[in-house]
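I open these notes to record what I looked up in the structure shown below. The entries follow the order in which I consulted it.

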Amino acid sequence: MTTGPAPGPDEAADPAPGATAPDAELPTVAPQLRDLRRRAGLTLEAAAARARLSPAHLSRLETGRRQPSLPLLLGLARTYGTTVSELLGETPAVADPIVRAGGPGAREADGWTYWQAGGSGRGMQALRVHVPYGRSQGELVRVHPGEEWLYVLQGRLRLHLGETEYLLEPGDSAHFDSLTAHRIGAASTAGAELLFVHTLLQSSLAGLCLGGGTGTTTHHR
């Protein structure tokens, strides 16, 4: 005898087809669910198994005969790798992909200067950074989740990763896991300039893992 996935909390009290669910005031998600499943190349049975629902329950959601509760919406969003906003059909504002020269002005923190080089609110944050000479000595090593990539534009850069020190020249780059203990400093008296990309979304511009912070973060170089 074949059994399907164990019913989740939303399925336990599933009404008969056509009955109104308690969350019927939510916008219908049926079109978005069908579209997301088809884009993922999943059959109804495969998608239901991933979401820990029965195929019949997912079918009722896709045809609008059943409305999901908010916890089920969150689970479905995870299943399809999207957001609840997309499931509800909300259209996010389109971010401008271009950052023009002379755009957002420079920001300074403890002598380090930052210029925005990418759009805000993205999974990756991009900056152009001037690293002053003599600022790395005595500063704390940084360790945090995420990834970092940097490319030296001008000057020479000293990069410490774990127990190893690297000297980077213009044109050199580095890409590393931020859980590796790290710090950087300029090795040339005029300082160093670099492009920097990181995935630490919680950082404010003045408290990035490059250079000193403003006291709003707990990790500093």
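**Entry 1: Leu36 and its neighbours**

I looked up the contacts of Leu36 and found that, leaving aside residues up to four places away in sequence, it touches Tyr80, Thr82, Glu86 and Leu87. I note that the model is a predicted one. I placed Leu36 in helix 2, which covers residues 30–39. For Leu36 and Tyr80 I recorded a separation of 44 residues in sequence and a C-alpha to C-alpha distance of 6.6 Å in space.

**Entry 2: helix 3 and helix 5**

I then turned to a pair of helices. Two packed helices are described by the angle between their axes and the distance between the axes. For helix 3 (residues 44–51) and helix 5 (residues 70–80), the axes come within 9 Å and cross at roughly 120°.

Which residues of helix 3 and helix 5 meet? I listed Ala47, Arg50 and Ala51 in helix 3, and Leu76, Thr79 and Tyr80 in helix 5. Sorted by class, this contact of helix 3 with helix 5 has 4 nonpolar, 1 polar and 1 charged residues.

**Entry 3: aromatic rings**

I counted 1 aromatic pair. Trp149 and Tyr151 form this pair, which is stacked, at 6.3 Å centre to centre with 20° between the planes. I looked up the exposure of each residue: Trp149 is partly exposed, with a relative accessible area of 29%, and Tyr151 is partly exposed, at 31%.

Definitions and conventions:
Residues numbered from 1 in each chain as written. Predicted model: local features only at pLDDT ≥ 70, side-chain atom pairs only at ≥ 80, totals over all residues. Heavy atoms only, no water. Axes fitted to C-alpha atoms, helices over the stretch in contact; angles between N-to-C directions. Helix = DSSP H or I, 4+ residues; strand = E, 2+ residues; numbered from the N terminus. Contact = heavy atoms within 4.5 Å. Nonpolar A, V, L, I, M, F, W, Y, C, P; charged D, E, K, R; others polar. Phe/Tyr/Trp six-rings, centres within 6.5 Å; stacked < 30°, edge-to-face > 60°. Buried < 20%, exposed > 50% of the residue type's maximum accessible area, 1.4 Å probe, protein only.
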